[in-house]
Amino acid sequence: MEKIYKAFEKAKNDKCNAIVTLVEPKENLNKGKLSGEPIILKDNISTKGIRTTASSKILDNYYPIFDATVVEKIKAEGGVIIGKASMDELAMGGTNLAAYTGPVLNPWDYKRMSGGSSGGSAAAVASGIVSFAIGSDTGDSVRKPASFCGIVGVKPTYGRISRYGVVAYASSLDHVGYFTRNVKDASLMLEVLAGRDDKDMTSSFKEVKEYSKLLNSDVKGKKIAVFKNVIDSLDNENTLNLFNDLLNKLKEKGAIIEEVSFDNDLMRTLFPVYFIIANCEATSNHSNLDGLRFGVSEDGDDTREVVINSRTKGFGSLIRKRFVIGSFGLHEENQEKVFKKAQRIRRLIVEEVKKCLEEYDCLIAPASNDIAPLLEGNKIDELSDKYLIAENHMVIGNFTGYPSMTVPMGFEKGCPIGVNITCKAFDEENMFNIGLAIEESTGLKDLVAKVD
Amino acid sequence: MIEKEYIKELAHELMFDLSEEEVVEIQKEYETFSKQLELLEKIDTKDVKPMPYPFENETNYLREDVVTHVITQEDALRNASYSKEGHFVVHKVVK
């Protein structure tokens with residue numbers, strides 16, 4: 001328990017605004033893969049009797065009456081939950097600036113953002129509070145903050161980890177993911193979390209391997225596809241140099257590195273296709289937040305007014321604006337040319353990536369153009385390839401459901417930036433192996449930000 | 001340009017209000033969004049079926065009709081702001 005109390009003390013002194021609820025540690029007598037390990041959960045993971053807000057004001061007083069399946073699994077393997085972490089409200093956002101408890105600061109530089117939406121979990125791992133934290137990933141909500149925080153972020157295959165008890169955002173894209181400080185821990189954590197759960201009918205029956213025992217960094221003969229559209233859309237030379245250095249090292253280890261280009265017009269749709277599908281699905285998933293059966297209830301003269309007032313005051317501005325986009329996309333006169341069109345393009349993108357990964361062991365690209373942006377950062381042109389492709393390519397993992405992870409790649413101005421790999425469906429064993437080869441090449445593992 | 005009234009209607013359908021500033025912000029953001037929609041129009045999707053989920057292999061099935069995962073009435077009402085005699089309480093609907 002000593003390690004757990006130590007972590008709990010660190011969590012109390014969190015300087016990144018990452019922790020929203022501290023959970024008094026309870027001794028867990030279960031012996032297993034996480035024995036004695038303190039764990040932090042993103043605040044959209046249901047915890048029985050422990051406040052779960054999804055960083056939304058409307059859930060400020062919500063205490064789930066059951067544990068999410070991942071919580072049961074963590075406890076069964078000896079893990080101890082010590083806190084719930086901040087996130088972008090309802091997981092909608094990529095900055096963690098949209099939590100009703102305020103922005104999460106990047107532990108490497110408090111003037112910068114942690115990234116989101118699982119920013120609190122990422123900051124908790126990067127600042128050395130815990131070695132394991134749970135997040136969720138609908139667009140790149142684990143893999144982007146992992147890049148900005150210098151840690152490993154994993155989004156396994158769709159259906160690999162049960163989502164029962166996770167506040168839903170966009171069901172066709174939502175995944176449970178997690179953060180660790182090295183690839184070995186990442187492979188172990190999947191053993192704990194993965195597996196069929198009849199309470200989540202999208203969870204897979206496929207066998208869960210002992211990934212940590214199968215770990216092997218030999219990439220001799222592995223075929224790695226360099227995501228050329230992303231490289232062409234990047235303009236940060238430092239990022240490109242770090243990436244090319246890494247590719248050279250993988251080549252030295254015997255990997256076969258080849259560039260792969262997809263149709264650029266198709267790649268320019270990555271962001272809008274994501275934005276439409278995610279917001280349309282979100283409007284339906286979040287219709288249960290009405291302030292009547294649970295959540296914060298505002299006054300009103302009749303039931304309709306109570307719901308309208310509860311939702312108006314309970315949701316932040318960004319969320320309501322996104323809901324309007326979702327409502328627009330689903331409106332009868334727009335549905336075919338917006339929502340259905342996006343779903344059709346999703347299929348075309350998935351087919352292209354599938355074809356590529358039939359030939360290659362993984363698709364690789366920098367996770368982002370830059371290190372974490374400043375909290376008061378400049379706005380990026382949302383019609384540029386840099387934004388549409390380079391900053392949003394990781395949604396491919398959510399469209400396809402394929403496993404994808406971010407591993408640290410290097411530094412700029414003392415802040416980390418990661419590299420992302422995506423592999424075939426249920427090919428996590430291979431993903432961890434390539435991830436380990438990357439980790440050995442960069443020497444960047446077990447990084448902890450020096451928090452003053 | 002997307003009309004202010006239309007934006008408000010979309011919000012009301014989802015049961016919330018927007019401030020005047022938020023409506024103006026949406027109008028502005030819609031300019032970018034509509035240009036992003038044009039990118040979608042460039043893609044030929046004739047005979048392509050919508051993809052509602054990543055995988056099309058079935059993981060769901062009709063389960064046996066047996067009672068599982070029961071929650072108590074007390075638990076079900078625990079998070080409601082107003083409840084009485086085993087019910088959620090709302091304003092009178094029929095007056």
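This tour goes through a predicted model stop by stop, saying what to select and what is there.

Residues are numbered from 1 along each chain as its sequence is written, and chains are lettered from A in the order in which they are written. Because the model is predicted, local features need pLDDT of at least 70 and side-chain atom pairs count only at pLDDT 80 or more, while totals for chains, interfaces and linings use all residues.

**Stop 1: the loop at A:A18**

Select A:A18. It sits in the loop between helix 1 (2-12) and strand 1 (19-22) of chain A. Helices (H or I, at least four residues) and strands (E, at least two) are DSSP runs, numbered from the N terminus.

Is A:A18 buried or exposed? A:A18 is buried, with 30 other C-beta atoms within 10 Å. Buried requires 20 or more other C-beta atoms within 10 Å of the residue's own, exposed 12 or fewer, and partly exposed is in between; C-beta atoms are placed from the backbone.

Contact means C-beta atoms, placed from the backbone, within 7 Å.

**Stop 2: helix 2 of chain A**

Select residues 69-76 of chain A. The buried residues here are A:T69, A:V70, A:V71, A:K73 and A:I74. They pack against strand 2 (38-42), strand 3 (80-85), strand 6 (132-137), strand 8 (175-180) and helix 5 (183-193) of chain A. Just after this helix, A:G78 takes a positive phi of about 95°.

**Stop 3: helix 16 and its two partners**

Two packed helices are described by the angle between their axes and the distance between the axes. Axes are lines fitted to C-alpha atoms, for helices over the stretch in contact, and angles run from 0 to 180 degrees between N-to-C directions.

Start with helix 5 of chain A against helix 16 of chain A. The axes come within 9 Å and cross at roughly 165°. The two helices are therefore roughly antiparallel. Angles over 145 degrees count as roughly antiparallel, under 35 as roughly parallel, 65 to 115 as roughly perpendicular and the rest as oblique. A:V183, A:A186, A:S187 and A:L190 in helix 5 of chain A meet A:E428, A:F432, A:G435, A:L436 and A:E439 in helix 16 of chain A.

Next, select helix 8 (residues 237-252) of chain A with helix 16 (residues 428-442) of chain A. Here the axes come within 10 Å and cross at roughly 110°. That makes helix 8 of chain A roughly perpendicular to helix 16 of chain A. Look for A:L246, A:K249 and A:L250 in helix 8 of chain A, which meet A:A437, A:I438, A:S441 and A:T442 in helix 16 of chain A.

**Stop 4: helix 12 of chain A**

Select residues 317-330 of chain A. How many of the 14 residues of helix 12 of chain A are buried? Twelve are, and the helix is mostly covered. Among them are A:R320, A:F323 and A:F328. The cover includes helix 10 (270-285) and helix 13 (332-359) of chain A, together with helix 1 and helix 2 of chain B.

**Stop 5: across to chain B**

Show both chains. The contact takes 43 residues from chain B and 54 residues from chain A. Helix 1 (4-13) and helix 2 (20-41) of chain B each supply at least two residues of the side of chain B that touches chain A. The largest share of that side, eleven residues, comes from helix 2 of chain B.

Terms used:
Contact = placed C-beta atoms within 7 Å.
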